[in-house]
Amino acid sequence: NDQLIAEAIWNTKPAGVHCYADRFSPLTISKTVLDYNSQSHLIRFIRPTTRYIWIYCQYTLYNEEVFPTSGELIMKEELAAFGQTLGIGNDVIPDRFYPSVYRNVKGVDDVELYFALTNDLNTTPVFPADYHQNIIPISDEEVTSFASFRVTPVKV
């Protein structure tokens with residue numbers, strides 16, 4: 001609820017600090033809140049745009065350890081969980097995801113992670129055409145969304 005967000009911003013911001021977003025941005029939401037004297041104040045904020053991240057995980061097994069039967073499920077959950085720790089405006093840096101696999105799944109020898117970005121859930125990227133291993137820049141007005149169902153582990 002935009003009005004509740006504006007009121008929460010008003011109630012938690014320090015006194016004397018103006019709260020506004022770019023009034024010319026089409027993403028800016030403007031709401032009026034009343035203070036304790038019933039004086040109105042304009043609060044502007046921007047809801048971040050969600051960018052959906054897809055991960056294609058190719059892995060090989062290490063024959064001196066036992067790969068668990070739930071290994072792929074663990075990979076999916078751990079990669080998505082790490083991704084969800086990223087906040088608004090945090091770039092997606094592929095190399096930071098590798099420990100999520102190695103620390104949580106025994107029996108993995110090599111892992112290659114590929115990432116794709118979509119603006120909605122109705123667009124499913126195709127491997128390998130839409131995936132890459134480059135840093136994905138995320139602007140200050142964007143937030144990434146990760147989910148285990150968008151992680152595809154494949155044994156090679």
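The model is predicted, so local features need pLDDT of at least 70 and side-chain atom pairs count only at pLDDT 80 or more, while totals for chains, interfaces and linings use all residues. Residues are numbered from 1 along each chain as its sequence is written, and side-chain values use heavy atoms, with hydrogens and water left out.

**Fold and overall dimensions**

- The chain has 3 helices and 6 strands, where helices (H or I, at least four residues) and strands (E, at least two) are DSSP runs numbered from the N terminus.
- The order of elements from the N terminus is α-β-β-β-α-α-β-β-β.
- The chain is more spread out than a compact globule, because its radius of gyration is 21 Å, well over the 15 Å that the globule rule gives for 156 residues. The radius is taken over C-alpha atoms, and the rule is 2.2 Å times the number of residues to the power 0.38.
- The C-alpha trace spans about 70 × 30 × 20 Å along its principal axes.
- Of the contacts with a separation of 6 or more, 69% are between residues 24 or more positions apart; contact means heavy atoms within 4.5 Å.

**Surface and burial**

- Of the 156 residues, 35% are buried. Buried means under 20% relative accessible area, exposed over 50%, and partly exposed in between (1.4 Å probe, protein chains only).
- Carbon and sulfur atoms hold 50% of the accessible surface of about 9,600 Å², an area from the Shrake-Rupley method with a 1.4 Å probe.

**Nonpolar core**

- The largest nonpolar core has 21 residues, and Ile-55, Val-92, Phe-97 and Leu-113 have the most contacts inside it. Such a core is a set of buried Ala, Val, Leu, Ile, Met, Phe, Trp, Tyr and Cys residues joined through side-chain atoms within 4.5 Å.
- At least two residues of this core come from each of strand S3 (49-61), helix H2 (71-83), helix H3 (98-102) and strand S4 (108-118).
- Beyond its neighbours within four places in sequence, Val-92 contacts residues including Ile-53, Leu-86, Phe-97, Phe-115 and Phe-146.

- Ile-46 lies in strand S2 (residues 40-46) and is partly exposed, at 23% relative accessibility.
- Not counting residues up to four places away in sequence, Ile-46 touches Ala-21, Ser-25, Leu-27, Thr-28 and Glu-141.
- Val-143 belongs to strand S5 (residues 142-145) and is buried, with a relative accessible area of 19%.
- Among the contacts of Val-143, leaving aside neighbours within four places in sequence, are Pro-48, Arg-51, Gly-87 and Ile-88.
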